[in-house]
Amino acid sequence: NVGVPTLLAEHRGARVYSGIAKQPVPRGTRLWLSTVNLAGDGQADLSVHGGPDKAVYAYPSEHLGPWSDELGEDLGPAPFGENLSTRGVVESDVRIGDVWQWDGALLQVCQPRWPCFKLALHRGRPDIQSRMRATGRTGWYLRVLEPGEVTVGSSLAVVLPDPAGLTVTDAHLAMAERALPDRVRAEALAGHAALAGEWRDPLRERLAALE
């Protein structure tokens with residue numbers, strides 16, 4: 001799923017643009033995956049969206065049924081602004097640092113998603129951010145280690161499992177638990193080179209404050 005920035009809503013007196021309203025690309029289409037995004041995709045505010053550590057956003061298709069039931073609505077395509085709708089793994093299966101191969105490209109899992117207010121505007125639900133964080137059904141971002149041509153609908157494979165075994169769920173919980181009750185987990189994540197700085201640096205600051 002890809003999309004370029006368009007007007008999302010009028011919010012607090014300002015016009016808000018976003019690329020969150022993505023549309024499916026026909027199966028079999030070949031796209032170039034660069035170090036920052038898929039061809040045809042884009043972000044409006046590059047200070048907080050996009051970039052090397054948010055090049056591709058993956059979301060498990062397994063979550064869509066529960067979300068539809070809980071929200072009482074048809075979610076439509078790419079309901080959370082995801083680039084990839086995956087099948088077969090969820091956050092507790094996917095490890096920070098895992099290297100994936102997608103046709104001619106190599107990607108690396110680097111952080112969970114922490115939704116901003118634009119998701120609430122996109123879904124028309126002010127509670128969707130807190131719901132996503134509470135459930136841990138956040139999906140994850142991947143950086144691109146080797147750009148290449150990819151085919152919509154082709155398989156992805158984990159070619160290098162990360163040996164630390166720290167999952168997307170682990171990272172999500174560590175960020176959510178402000179007091180860091182599981183200090184061992186927090187320290188392991190804070191020292192993990194593959195975790196995006198946007199997550200690693202706050203963990204290091206919290207750990208330093210506890211010393």
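Predicted model: local features only at pLDDT ≥ 70, side-chain atom pairs only at ≥ 80, totals over all residues.
Residues are numbered from 1 along each chain as its sequence is written, and side-chain values use heavy atoms, with hydrogens and water left out.

Let's start inside. In soluble globular proteins, nonpolar side chains tend to be buried together. The largest nonpolar core here has 35 residues, and Leu33, Leu107, Val109, Trp140 and Leu142 have the most contacts inside it. (A nonpolar core is a set of buried Ala, Val, Leu, Ile, Met, Phe, Trp, Tyr and Cys residues joined through side-chain atoms within 4.5 Å; buried means under 20% relative accessible area, exposed over 50%, and partly exposed in between, with a 1.4 Å probe and protein chains only.) Strands S3 (30-33), S4 (56-60), S6, S7 and S8 (140-146) each give two or more residues to this core, as do helices H4 (168-176), H5 and H6. H4 gives the most, with 4 residues. Helices (H or I, at least four residues) and strands (E, at least two) are DSSP runs, numbered from the N terminus.

Take Val109 as a way in. Leaving out residues up to four places away in sequence, Val109 touches, among others, Ile96, Trp100, Trp140, Leu142 and Val168, where contact means heavy atoms within 4.5 Å. There is also a second, separate core of 13 residues, which includes Ile20, Tyr57, Phe80 and Tyr141.

Now for the open spaces. The largest pocket has a volume of about 620 Å³. On a 1 Å grid over the protein atoms alone, a pocket is an open set of points where a 1.4 Å probe fits, with protein on both sides within 12 Å along at least five of seven lines, and lining residues have an atom within 4 Å of a point. Its lining has 23 residues, with Ser85, Thr86, Gly153, Ser154 and Leu156 nearest the centre. Strands S5 (84-86), S6 (99-102) and S10 (156-160) are the elements that give two or more residues to that lining.

The second largest pocket holds about 380 Å³ of space. Of the 28 residues lining this pocket, Gln43, His49, Gly50, Arg113 and Tyr141 are closest to its centre. Here strand S7 (105-112), helix H2 (117-123) and helix H6 (197-210) give two or more residues each.

What about the cysteines? The whole structure has 0 disulfides, a disulfide being a pair of cysteine sulfur atoms within 2.5 Å. Cys110 is buried at 0% relative accessibility, whereas Cys116 is partly exposed at 25%.

Most residues other than glycine have a negative phi. Arg12 has a positive phi near 55°; Arg12 sits in the loop between strands S1 (6-11) and S2 (14-18) and is exposed, with a relative accessible area of 80%. Ala78 has a positive phi too, near 40°, in the loop between helix H1 (64-71) and S5, but Ala78 is buried at 6%.

Technical notes
Points joined across faces, edges and corners; volume = space filled by probe spheres on them.
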